[in-house]
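Subject: Structure handover

Hello,

Here is the structure I promised to pass on. Please open it alongside this note; my findings follow below.

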Amino acid sequence: CETVSFVIGQASPVLNSGVAYGMSFPQGVLLVPAPGNPSQSRLVVADSSNRRVLIWNTVPTQNLPADAVLGLPDVNTLSPFGPYGGANEVSLLSPWSLASDGTRLSVGDYSGNRVLTWDQLPSQPLASGPIPASRVWGQLNYQSTQADSGQQTPNASGVNIPSVFLESGASSRFFISDLANHRILIFPGFPNNPQTQPKFVLGQSSFVSAAPATSATGLSSPGQVFSDGTELFVPDTNNHRVLVFDAASLASGAAAKVVIGQADFVSGAPNRGLTIGAGTLSAPVAATVVSAPPQRLLFVADRNNNRVLRYTLTTPTAAVNSADLVLGQGDFVSGAPNRNGPPGLDTLRSPVSVSSDGKRLAVCDNGNSRVLIWLDLPTRVGQPADVVLGQPVASSAVPNNPPARGALNLIRPTHVSTDGTRLFIVDSGNNRVLIWNQLPQSGTQPPDVVLGQSDFSLGVANGGSGKISAAGMSFPFAATVENGRLAISDNGNHRVLIWNQIPTSNNQPADLCLG
């Protein structure tokens, strides 16, 4: 029961930097202006594959751990084999959408087929354990996760893959986009309990029907909606379009008044069945509208085209033939993920959510396991983001990637060895072995020598040269030292390297090779 003196590879004994700084295929992002202070916003991210929601109390300007987390007890913990403690009031199965009025927060829990609401948007973790939700909708209790509340057919009390949205303005209606039932459920406000039923349904003629359709009244797998109290914008994902409804006259079975991305209400081919362009969409999944007088701007996450499009709208919205700005691509006729190259601040791979607080724009870049933030609304085609969250650098896309590599950042270390004087750590994920000439006295003492790389900032297999050499390594697994000699199992290169004397310089080549 002896207490650990210090830890190497993390800033503290409890920190897990890959989890604290990283994300894994996030699905939702929300900028939440503070009540009474629109210039001050919080950032909320549905980190879906990590089964958690991350909350920053201010919009970060660099990659930082969140201030609070839902679904798990802290930002350093993961629950890789299922929801934390099972399906309950503190766990999340796969959060993917978010809604807030600045005080309360609702989360659409994708595979839990439920909506969880916290009456107070948390700003810090509890002293012990995850923060419990205040209420659930879509299930009779917190332990149930069946589609349609366990009933055999669609109904007014259950959902099948829900996403959520809270309307701005005086009415503050609450919307649930019920993806697999091809409908939008509309409530007067946050649903108070499982018995609260929606007032209207869009996309279907009644609450018990669920057929997809391509028409002014039909929907096919609707995405994350947006309403400013005047108009409702519905990304109709499988019809490859965005429908615009008159929010003031919503009623069950209401017809859209404008279609974006198709030539008419009965067409539904991706990119209009043509080549990609400024007037086409392919699986749009989310929308947000920004009032930027004298303009009114619509941003759409055009997932399969790996871009976000901006449209300048009239008031009220009339026919919209094409977008006037694109993010994630260099022009309107390109749609390759990450522009056919590595990720960057100006690229996207399957964007799935977009949000704005009127000043900033945040995009959930799902395929790159990150969130991009523009600190001012973008004004030019292909404009790079200012901030990347979830990755140490803009060129990386590994889920749960720790901060930028350095002498004390480890990725999947597999072995530690000592001769009583020196310390050897096999840093497998960084394709290197670290050597301290004296046993370190604190977790901040850097190593003296690195093998397998030319310096402490690198971590590519075989030194990044693409060639196997006496100095490079690929996923080394173990090290042993005996009588002043060092042997390392170079796992990825199927060999053992031996140094006849303990190396004293970085990237020193081995003397012998076995295998």
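Start with the lining of the largest cavity: by class it has six nonpolar residues, three polar ones and no charged ones. Bear in mind throughout that this is a predicted model.

The residues in that lining are Ala-20, Tyr-21, Gly-22, Met-23, Leu-54, Trp-56, Asn-63, Leu-64 and Gly-390. Two elements, helix H1 (17-21) and strand E3 (52-56), each supply at least two of the lining residues. The space inside is about 30 Å³. The count of cavities of 30 Å³ or more comes to one.

Next, Asn-50. You will find Asn-50 in the loop between strand E2 (37-47) and E3. Is Asn-50 buried or exposed? Its relative accessibility is 5%, under the 20% cut-off, so Asn-50 counts as buried. The side chain of Asn-50 has two polar contacts to look at. One joins it to the side chain of Asp-47, at 2.8 Å. Another goes to the side chain of Asn-400, also listed at 2.8 Å. Leaving out residues up to four places away in sequence, Asn-50 touches Met-23, Ser-24, Leu-72, Leu-78 and Asn-400. Met-23 is also one of the residues that line the largest cavity.

Val-29 sits in strand E1 (residues 28-34). Val-29 is buried as well, because its relative accessibility is 6% and the cut-off is 20%. Which residues does Val-29 contact, beyond those within four places in sequence? They are Leu-43, Val-44, Val-45, Leu-98, Ser-353, Val-354, Ser-355, Ala-362, Val-363, Cys-364 and Val-371. Asn-193 is 164 residues from Val-29 along the chain, and their C-alpha atoms are separated by 25 Å.

Four strands form an open sheet in the order E13-E14-E15-E16, and the pairing is antiparallel. E13 (226-227) and E16 (258-260) are the edge strands; each has a single partner, so one side of each is left without a neighbour in the sheet. Strands E14 (residues 231-236) and E15 (residues 241-246) are joined by six bridges. Within that pair, Val-234 has Leu-243 in E15 as its bridge partner.

The loop between E14 and E15 holds His-240. His-240 counts as buried, at 11% relative accessibility.

Thr-280 lies in the loop between E16 and strand E17 (284-292). Thr-280 is buried too, with a relative accessible area of 5%. A polar atom of its side chain lies 3.1 Å from the backbone nitrogen of Gly-277. Beyond residues up to four places away in sequence, Thr-280 touches Gly-261, Asn-271, Arg-272, Thr-275, Asp-302, Asn-305, Arg-307 and Leu-309.

Asp-302 has Arg-307 in E19 as its bridge partner. Strand E18 (residues 295-302) is mostly covered, with seven of its eight residues buried. On one side, eight bridges join E18 to E17, and the two run antiparallel. Ala-287 stands opposite Val-300 in that pair. E17 and E18 form a hairpin with two residues between them. E18 also pairs with strand E19 (residues 307-312), antiparallel, through six bridges.

Strands E29 (residues 476-482) and E30 (residues 485-490) run antiparallel and are joined by six bridges. Thr-480 has Ala-487 in E30 as its bridge partner. Two residues lie between these strands, and Asn-483 takes a positive phi near 55 degrees.

Best wishes

Methods
Residues numbered from 1 in each chain as written. Predicted model: local features only at pLDDT ≥ 70, side-chain atom pairs only at ≥ 80, totals over all residues. Heavy atoms only, no water. Pairing = 2+ DSSP bridges. Buried < 20%, exposed > 50% of the residue type's maximum accessible area, 1.4 Å probe, protein only. Polar contact = N/O pair within 3.5 Å; in protein donor to acceptor, adjacent residues only side chain to side chain. Contact = heavy atoms within 4.5 Å. 1 Å grid on protein atoms, 1.4 Å probe; cavity = no way out; pocket = protein on both sides within 12 Å on 5 of 7 lines; lining within 4 Å. Points joined across faces, edges and corners; volume = space filled by probe spheres on them. Nonpolar A, V, L, I, M, F, W, Y, C, P; charged D, E, K, R; others polar.
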